[in-house]
Amino acid sequence: MSGADRAPGREPDEETLGRMFLTRVIEPGDEAGGRWVRELGVGEVVRRLREGGAALPGVGAVRWAGLVARAGRAELERDLAAARAAGARFVVPGDPEWPGQLDDLADARPLGLWVRGRPSLRIWALRSVAVVGARACTAYGTHVAATLAAGLAERGWVVVSGGAYGIDAAAHRGALAAGGATVAVLASGVDRPYPRGHTALIERIAAQGLVVGELPPGDHPTPSRFILRNRVIAALTRGTVVVEAACRSGSLATARAAQRLGRHTMGVPGPVTSALSAGVHELLRGEAALVTDAAEVAELVGDMGELAPPRTGPVLPRDLLAPAARTVLAALPGDRTAPAGEIALGAGTTPDEAIARLYELRALGYVERHGDGWKLTRQAMISARAGRPPC
């Protein structure tokens, strides 16, 4: 029975109850705990922790004592009541709503996910992109993240981020503003919005999208939990875009996790003088792909044929001239009148051909005749300056 299909007052099965219990005892991403569940089964791990006998394999006496103490304080009824009050459900591996790509985390896979919101997490995760970055971002980073997220949302992509200040918030708001879908993956209980200043934003995401977390209701975030949360963001999505990140930014952990999992990793470049873009630039020097807008992201993570439009400069009127006319136009001096013979030499053609092209150019307003000579018009001079490449 899936987390999405359980009625609010209906009791979950034993496997689900056991996993709920383990989220209160075992820290997110604990590979030893994941290995116990895989090798012994949920029921046996729960029994050993509650009985507090001999330690399970791979854990010392001190740590085992800490886990047993946690197990003694776990109150499933309290967690169930808090989840119901928050409108949260618990989704576990094997449920129809479970995103199969999370299984790529192997023994670091979440024991289960607490989910707030009506949509199916599995369906939304199938076409999702993570947009992450610095908390203390610049106005440039905020603008880029919001624009990128809005563009992805308009293309039918789900924007996933961590609900934090800075780039995360800009990404969520950009997707919401476009009327699109967004998922916040928290490092706290889903009933405890963090940071507190984002309570209204996270409540809005829960109403219009999904709020997801590994930790049981009421639990608080810690520095290590933020880092471990990032592996879920990376595994849940097809690719991760880092907008702004200093060299020690936690968002780089999301990118590194995405690379380990074989997901697309992308970075938006910033000013080379900005310390907040230094981490992104380091990613780009490695295996990450440079992207500048939603179309380029969709080209990488999307299906075949979702190509970004080619980048071209403006088309100038002189670009539409026939090659022979362009050659003659380029041979005219910019500061004086020149005879047709001199222009023909510069263009590498005959005088008769040069004169024919000069009359054509005069009809188009590029040159004018002065006696036996020819001179560029003001229009031609302006066009030449507009088409000159920058220094």
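This is a predicted model: local features need pLDDT of at least 70, side-chain atom pairs count only at pLDDT 80 or more; totals for chains, interfaces and linings use all residues.
In the chain, residues 24 or more positions apart account for 69% of the contacts with a separation of 6 or more. Taken along the principal axes, the box filled by the C-alpha atoms is roughly 110 × 40 × 35 Å. Of the 391 residues, 51% count as buried. The accessible surface of the chain is about 18,200 Å², and carbon and sulfur atoms contribute 55% of this area. With regard to charge, there are 46 positive and 41 negative side chains, and a distance of 4 Å separates the centres of the two sets.

Helix α8, spanning residues 167–177, is mostly covered, with 9 of its 11 residues buried. The buried set consists of I167, D168, A169, A170, A171, H172, G174, A175 and L176. These residues pack against three strands, namely β3 (128–132), β4 (158–161) and β5 (182–186), and against two helices, α7 (139–154) and α9 (199–208). After α8 comes G179, for which phi is positive, near 75°.

The side chain of R263 forms a polar contact of 3.0 Å with the side chain of D104. Apart from neighbours within four places in sequence, the residues in contact with R263 are Q101, D104, A234, A235, T237, R238, G239 and A258.

Most residues other than glycine have a negative phi, and most peptide bonds are trans. A106, although not a glycine, has a positive phi of about 55°. This residue, A106, belongs to the loop between β1 (88–91) and β2 (113–116). Because its relative accessibility is 54%, over the 50% limit, A106 counts as exposed. The peptide bond between Y194 and P195 is cis, with omega at about 0°. P195 is situated in the loop between β5 and α9, and both of these elements are among those against which the buried residues of α8 pack.

How values were computed:
Residues are numbered from 1 along each chain as its sequence is written. Side-chain values use heavy atoms; hydrogens and water are left out. Buried means under 20% relative accessible area, exposed over 50%, partly exposed in between (1.4 Å probe, protein chains only). Helices (H or I, at least four residues) and strands (E, at least two) are DSSP runs, numbered from the N terminus. Contact means heavy atoms within 4.5 Å. Accessible areas come from the Shrake-Rupley method with a 1.4 Å probe; for residues, only the protein chains shown count as cover. Lys and Arg count as positive and Asp and Glu as negative; His and the chain ends are not counted. The place of a charge is taken as NZ of Lys, CZ of Arg, CG of Asp or CD of Glu. A polar contact is a pair of N or O atoms within 3.5 Å; within protein, one must be able to donate a hydrogen and the other to accept it, and residues adjacent in sequence count only if both atoms are side-chain atoms.
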